[in-house]
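Biologist: I'd like to learn how to read a protein model. Could you walk me through one?

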Amino acid sequence: MSEGSKSLNFIEHIVEEDLSNGFAKEKLRFRFPPEPNGYLHIGHASSICLNFGLGLRYKAPVNLRFDDTNPAKEEQEYVDAIKRDVEWLGFQWETECFASDYFQQLYDWAIVLIKQGKAYVDSQSSAEIAAQKGTPTEAGKPSPFRDRSVEENLELFQAMKEGKFKEGEHVLRAKIDMTSSNMLMRDPLMYRILHRPHHRTNTDWCIYPMYDWAHGESDYVEQVSHSFCTLEFAMHRELYDWFLDQVVDENKVRPKQREFARRNFSHTVVSKRKLLQLVEQGLVSGWDDPRMPTISGLRRRGYTPESLINFANTIGIAKRDNVVDVSLMEFHVREHLNKIAPRVMAVLDPLKVVITNYPEGEEEWLEAENNPEDESAGSRQLPFSREIYIEKDDFKEEANRKFFRLKLGGEVRLKNGYIIMAESCTKDADGNITEVQCTYDPKSKSGSGTEESLRKVKGTLHWVSAPHAVEAEVRLYDRLFMDETPDSHKDKDFLEFINKDSLQVINAFVEPSLKNAVPEDRFQFQRTGYFNVDKDSTSEKLIFNRTVGLRDSWAKIQQKN
């Protein structure tokens with residue numbers, strides 16, 4: 001085995017074992033085979049990292065193949081989105097392939113199977129076929145059409161191809177074993193009639209191959225050496241191999257299918273059908289809604305490719321299904337953004353503060369560090385004036401000793417600025433505080449080196465200069481579902497667990513350096529969390545999405561509940 005094999009996952013051990021048994025390294029080829037019937041989600045990210053990671057590890061090509069065998073659900077939009085997501089994650093495929101590229105070859109092979117007596121046209125309904133399949137403990141019954149002549153099967157199959165029959169009138173089945181203990185081997189379907197336009201072949205075909213027939217044969221055409229699938233395909237492996245037995249040339253690479261566990265994630269759903277339901281019912285704004293577990297949604301929310309790859313590598317590859325807490329994913333994006341995101345000032349729930357002894361009409365520019373985790377990030381100039389905004393929660397008229405923010409008669413330091421003391425406050429007719437009057441110590445400027453600037457005060461607040469403040473819409477996103485496993489309740493619809501407070505839209509003030517921020521720019525709003533610029537943002541209207549808070553507040557909420 002190669003160096004470092006002790007740290008390999010079991011999939012890598014399979015590859016290593018094949019190499020040690022004489023498989024030529026230059027013949028290694030992998031593939032990522034999504035069906036273009038929806039957007040990729042975080043579970044797909046693990047599969048992407050696995051297959052493309054193997055390609056990088058062994059310097060082997062990786063194909064991006066779209067298993068597009070069902071025109072009723074597949075669209076070009078999904079193809080484009082999948083390519084965009086894979087590229088955004090930083091991976092490059094060797095060849096872009098489609099199962100539809102092989103429709104003619106698959107058809108030709110099906111003709112061969114018919115001529116060999118290994119496939120036949122069944123004219124029963126789907127209900128009749130299902131009823132004859134039997135049970136895991138009871139053998140199936142052969143179709144009354146199982147022994148049709150080769151000539152009749154060829155004639156019917158040709159007519160199916162030419163669109164002479166309605167959907168459901170006939171199917172092509174492989175003739176294997178109706179008594180097999182593996183029910184998938186009981187004469188599985190190979191083709192069905194679909195009068196639907198295909199996103200690539202349009203109306204050229206009226207019959208479409210079933211996934212089990214197309215998948216392994218596509219791997220073989222592409223000379224994929226290792227075909228990795230999730231565990232639900234474990235029982236399909238026998239059929240995968242049987243289909244390959246019918247066409248394989250011993251001088252060519254024979255693909256090997258192996259399975260790994262699907263990753264499920266807490267407080268979300270990853271079923272494409274259920275995600276589509278969320279989109280179609282308007283419960284989210286689209287596939288890339290920042291609350292969606294899609295790669296596009298996570299990207300729009302502000303996740304980085306590095307954070308998702310680190311997350312995928314951390315959870316690794318397993319042999320058993322399990323639920324991964326999404327807080328681990330949030331940990332990884334928080335960790336990465338902490339290293340790369342510039343620190344900026346933003347006030348989400350503003351309260352005006354007037355510094356009464358600061359000269360009216362004057363302003364000054366303070367130096368502010370961009371990122372203490374990155375010396376190369378440098379610094380920026382921050383305007384300061386007589387009127388500023390702070391967070392409403394950062395002021396109380398009266399408070400106990402444990403309240404280290406601003407209170408009447410108390411002092412705090414303004415980040416990168418001065419020490420101020422609250423002297424009085426103004427209220428409206430309802431008793432709500434609308435303004436706080438403070439004084440400042442002119443000699444306490446941060447970084448000035450004066451004795452007053454070195455004086456310690458317990459609280460430090462973020463703030464924005466009122467005359468220079470830039471208005472922005474801030475979208476505070478939270479988890480879409482309140483329940484840890486919303487789709488695991490047999491007696492309840494997963495939509496019952498929707499978090500009605502998963503999105504809160506507020507108007508905030510941000511520092512003027514953000515005025516020219518563009519979509520996907522990421523920042524840490526100091527003392528608040530990590531945010532990025534949304535794609536809806538314009539030069540006239542800034543829009544920020546909350547990616548994640550500075551700390552895992554959800555864990556505390558769950559603990560209280």
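Biologist: What does the chain average in pLDDT?

Modeller: pLDDT is the predictor's confidence in each residue, from 0 to 100. The protein chain here averages 95, and 97% of the residues score at least 70. This is a predicted model, in which local features need pLDDT of at least 70 and side-chain atom pairs count only at pLDDT 80 or more, while totals for chains, interfaces and linings use all residues. Residues are numbered from 1 along each chain as its sequence is written, and side-chain values use heavy atoms, with hydrogens and water left out.

Biologist: Where does pLDDT stay under 50?

Modeller: Where pLDDT is low, the predicted coordinates should not be read in detail. That applies to residues 1–5, where pLDDT stays under 50. The model has seven contacts (heavy atoms within 4.5 Å) for them beyond four places in sequence.

Biologist: Which helix gives the most to the lining of the largest cavity?

Modeller: Helices (H or I, at least four residues) and strands (E, at least two) are DSSP runs, numbered from the N terminus. α7 gives the most, with three residues; α7 (211–221) and α8 (237–247) each supply at least two. Among the lining residues are Y211, H215, F233 and Y240. By class, five are nonpolar, three polar and one charged. Ala, Val, Leu, Ile, Met, Phe, Trp, Tyr, Cys and Pro count as nonpolar, Asp, Glu, Lys and Arg as charged, and the others, Gly among them, as polar.

Biologist: What volume does the second largest pocket have?

Modeller: About 1,000 Å³. It is lined by 39 residues, and the closest to its centre are E35, H44, E232, R262 and K272. β1 (30–32), α2 (42–58), β8 (226–230) and α9 (272–280) each give two or more residues to that lining. Its classes come to 15 nonpolar, 11 polar and 13 charged.

Biologist: On to sheets. In what order do the seven strands of the open sheet run?

Modeller: Two strands pair if DSSP finds at least two bridges between them. The order is β23-β20-β21-β22-β14-β17-β24, with mixed pairing. β23 (460–461) and β24 (464–465) are at the edges with a single partner strand each, so one side of each is left without a neighbour in the sheet. Inside the sheet, β14 (residues 350–355) pairs with β17 in the antiparallel sense over five bridges, and V353 stands opposite I388 in β17. β14 also pairs with β22 (residues 433–440), in the parallel sense over four bridges.

Biologist: And which strands form the open sheet of four?

Modeller: β4-β5-β6-β7, in that order, with antiparallel pairing. β6 (residues 189–193) and β7 share three bridges, and Y191 stands opposite P209 in β7.

Methods:
On a 1 Å grid over the protein atoms alone, a cavity is a set of points where a 1.4 Å probe fits but cannot get out, and a pocket is an open set with protein on both sides within 12 Å along at least five of seven lines; lining residues have an atom within 4 Å of a point. Grid points are joined across faces, edges and corners, and a volume is the space filled by probe spheres set on the points.
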